[in-house]
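I opened a new notebook page for this structure. My notes follow in the order I looked things up.

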Amino acid sequence: MEEMAPYGVAYIASPEASTTATDPDIVAYNECKVAIHMAEEMLAKMRLHLNLIEQRINNKQHGKN
């Protein structure tokens, strides 16, 4: 797998004092939360795009240009 450049994000999980930013579980948790957020944002945009396409199709079927 290709190495990715590190990026800075604020903690999504609030690590306890005994853990650090290098704790693999905290890193994995944050990466998953960021990926889910990005996927949800993409899904919302795709739903909007789909609705616009549906509207254009409906307009064409009803003779509205």
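I took helices as DSSP runs of H or I of at least four residues and strands as runs of E of at least two, numbered from the N terminus. The model is predicted, so I noted that local features need pLDDT of at least 70, side-chain atom pairs count only at pLDDT 80 or more, and totals for chains, interfaces and linings use all residues. Residues are numbered from 1 along each chain as its sequence is written, and side-chain values use heavy atoms, with hydrogens and water left out.

I counted 1 helix and 0 strands in the protein. Helix α1 covers residues 24-61, 38 residues, and its end C-alpha atoms lie 54 Å apart, which agrees with the 56 Å it should span at 1.5 Å a residue (1.5 Å times one less than its number of residues).

I looked at what follows α1 and found G63, with a positive phi near 75°.

I searched for salt bridges (a side-chain nitrogen of Lys or Arg within 4 Å of a carboxyl oxygen of Asp or Glu) and found 1. K45 pairs with E41, the closest N and O atoms being 3.4 Å apart. Both residues lie in α1, 4 residues apart, about one turn of the helix.

I checked exposure (buried under 20% relative accessible area, exposed over 50%, partly exposed in between, 1.4 Å probe, protein chains only). K45 is exposed at 53%, and E41 is partly exposed at 40%. Buried residues make up 6% of the 65 residues in the protein.
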